[in-house]
Amino acid sequence: MAALIRKALSSRPARFWLTAGGIGVAALLVLVLGAAYRSVSSSVAAYVGQPGIDVWVAPGGVDNLMRSSAFLPAHLPESLATIRGVAAADPIVRAYVTVRDEADPSPAGHRLALIAIGYAAPTGGGGPPALVRGRAPLDSTDIALDRAAATRLGVTLGDTVWVNGRAAVVLGLTGGTNLLATQFLFANLSTVDGASGLRGRASFAVVRCTPGVQPAALVGTIRARFPRLSVYPREEFVANNAREVAAGFIPLLTLVAVLGLLAATVLVALLVHAVVEERREDLAVLLALGADARALTGAVIREAVTLAAVGAMLGSAAGLVLRVVLDHVLPVIPLAFRVTDAARILLVFAAAGIGAAAIPVARLRRIDPLEAFRP
Amino acid sequence: MMVLELDRVRRTRGVGPHAVEALRDVSLAVGGGEFVLLEGPSGAGKTTLLAVAAGLLRPTSGDVCLAGRRLPAMSLGECRRHRATRVGFVFQRSNLLPRLTVGENVVLMAVLGGMAREAAKRETTRMLEALGIATLADRYPHELSGGEEQRAAVARALVHGPAIVLADEPTGSLDGVSGRAVAESLGSLAAERGAAVLVATHDVRLRSFASRRVRIVDGRIADSEPDLG
């Protein structure tokens with residue numbers, strides 16, 4: 001009987017799928033924002049947390065890669081290399097550079113501000129975490145660009161670009177280095193030094209431990225030797241950078257997520273309300289025939305929850321498709337979805353469905369079975 | 001044996017100076033197998049009487065006994081269950097549920113009336129065959145003509161073996177031929193099953209099917225007479 005009552009009170013397929021689509025878009029909005037945040041966060045983590053770097057050494061007070069302007073002396077890595085337990089220590093120069101496409105170097109041409117990472121290429125620490133195509137820089141004119149940056153500039157392997165006015169050839173495309181607002185560029189130390197005027201300085205030093213040495217112990221040793229520097233084990237430095245990214249994203253993400261949820265809740269409420277209004281006569285007939293009001297209430301709530309859940313699933317599926325499409329067509333927008341995000345959205349929207357059914361259900365209880373007698 | 005007895009029933013709508021007496025000291029008894037027409041002008045209280053008889057409205061005073069049980073003494077839940085098992089309805093419009101097929105509409109009523117699902121399906125098939133609409137079982141209400149819809153409504157009203165069928169202008173929206181066919185089906189099938197039929201109507205064509213006519217005016221029974229056909 002319950003199945004027949006549910007069918008009797010179900011919405012028309014077109015209305016159901018349109019509304020589920022609307023809820024799906026709201027779910028997609030929340031998911032995309034979450035995925036974009038996660039992608040930026042994971043890109044930062046992919047770089048600063050890459051294998052081969054056990055300890056990050058930064059100027060005093062600097063605790064992240066993203067926002068720092070202090071510098072280290074360029075010879076610091078040589079001093080670090082003399083410490084027992086250090087297998088290798090390399091300098092990194094991090095500078096913001098302007099990159100132009102050679103084909104159109106005019107002010108109106110493609111122009112990007114990128115985070116340039118100068119490192120002791122090709123074997124030094126702090127290079128690209130992953131190469132999608134091509135190779136890492138070797139000569140002073142070689143650069144490796146984030147794949148999304150290359151797309152934005154309209155360049156590919158072998159093309160020449162201008163980095164702060166100096167010619168460089170794109171010889172590698174990197175992945176996991178897209179911070180959405182900007183991307184990474186990797187080059188030789190001398191290239192970034194020359195382009196940024198930071199000769200004789202380093203932004204960070206990255207240290208690799210000798211086998212058997214615990215990074216935490218090495219951190220203690222370096223801190224004791226250089227008390228005015230900031231020294232972090234890799235995991236702590238990753239966490240610092242993740243916090244820095246989150247500080248900018250989380251408030252906006254939370255706001256949009258709440259708005260998306262509200263929009264979905266209102267959609268569910270509207271549909272269920274419409275079902276009750278549209279089915280008012282049918283509900284009156286069912287009540288007159290002797291159907292239990294609780295069974296009708298259950299059917300209405302179930303419809304609302306089903307709608308919200310289907311909408312959330314549609315949104316999640318669309319998110320996965322969008323990720324694949326964007327990755328191929330517009331890698332500038334990176335999306336890193338997690339199944340747990342989709343599951344969380346599903347639960348929250350299902351709960352919203354129950355909440356949204358409250359008003360229509362209250363109205364349902366006021367329907368007079370005598371309405372069935374009205375011509 | 002009487003399946004419906006109304007004893008000095010009064011039903012008042014509203015309060016104070018706006019109070020309207022829809023039923024005034026109505027007493028009526030309908031026996032099993034009877035086909036009773038309830039006639040009277042619009043606003044006379046016919047539909048109110050049907051609603052009170054079904055337990056959808058409580059009388060302000062007086063007593064209602066339906067299929068051996070006093071409705072005013074029942075809780076709302078008991079009244080609902082008693083109505084589901086002992087009463088069948090035919091409304092002016094068929095009021096079939098549009099999202100269900102004809103067969104599902106009838107099965108739903110049978111199940112509401114207490115039948116197990118399989119028995120409900122069997123009885124539905126039998127009832128639709130008896131009414132000549134078995135081929136329409138899988139159609140939706142909007143695919144039927146008015147007459148077919150009302151015959152499906154008759155099937156729904158009788159499928160669970162009610163003690164009485166309460167019909168409100170069942171032929172009001174039908175042409176003469178269809179209306180006659182519906183009334184004939186309702187009368188003959190109810191009689192076969194020993195169910196009483198109480199029909200509120202303006203349709204004088206139904207007099208030929210009635211065993212008795214009751215006239216109601218301004219909420220009172222004006223006269224009651226056996227129909228002469």
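How many disulfides are there over all chains? The count is 0, where a disulfide is a pair of cysteine sulfur atoms within 2.5 Å. This is a predicted model, in which local features need pLDDT of at least 70 and side-chain atom pairs count only at pLDDT 80 or more, while totals for chains, interfaces and linings use all residues. Residues are numbered from 1 along each chain as its sequence is written, chains are lettered from A and ligands numbered from 1 in the order in which they are written, and side-chain values use heavy atoms, with hydrogens and water left out.

The cysteines come next. A disulfide is a covalent bond between the sulfur atoms of two cysteines. For B:C79, the closest cysteine sulfur is that of B:C65, 12 Å away, which is too far for a bond. B:C79 is also buried, at 3% relative accessible area; buried means under 20%, exposed over 50%, and partly exposed in between, with a 1.4 Å probe and protein chains only. A:C209 counts as buried too, because its relative accessibility is 9%.

Chain A and chain B bury about 2500 Å² between them, and carbon and sulfur atoms give 66% of this. Buried area is the accessible area (1.4 Å probe) that two parts lose on being put together, summed over both. On the chain A side, A:L4, A:L289 and A:F373 lose the most area to chain B, together 31% of what that side buries. The contact (heavy atoms within 4.5 Å) takes 26 residues from chain A and 27 residues from chain B. Between the two chains there are 3 salt bridges, each a side-chain nitrogen of Lys or Arg within 4 Å of a carboxyl oxygen of Asp or Glu. B:R93 forms a salt bridge with A:E281, with 3.3 Å between the closest N and O atoms.

A:S316 lies in helix α9, residues 293-329; helices are DSSP runs of H or I, at least four residues, numbered from the N terminus. A:S316 is buried, at 14% relative accessible area, and touches A:L31 and A:A342, not counting residues up to four places away in sequence. A:A336 belongs to the loop between α9 and α10 (339-364). Beyond its neighbours within four places in sequence, A:A336 is in contact with A:A35, A:R38 and A:S39. The C-alpha atoms of A:A336 and A:L320 are 9.3 Å apart, with the two residues 16 apart along the chain.

Notes:
Helix = DSSP H or I, 4+ residues; strand = E, 2+ residues; numbered from the N terminus.
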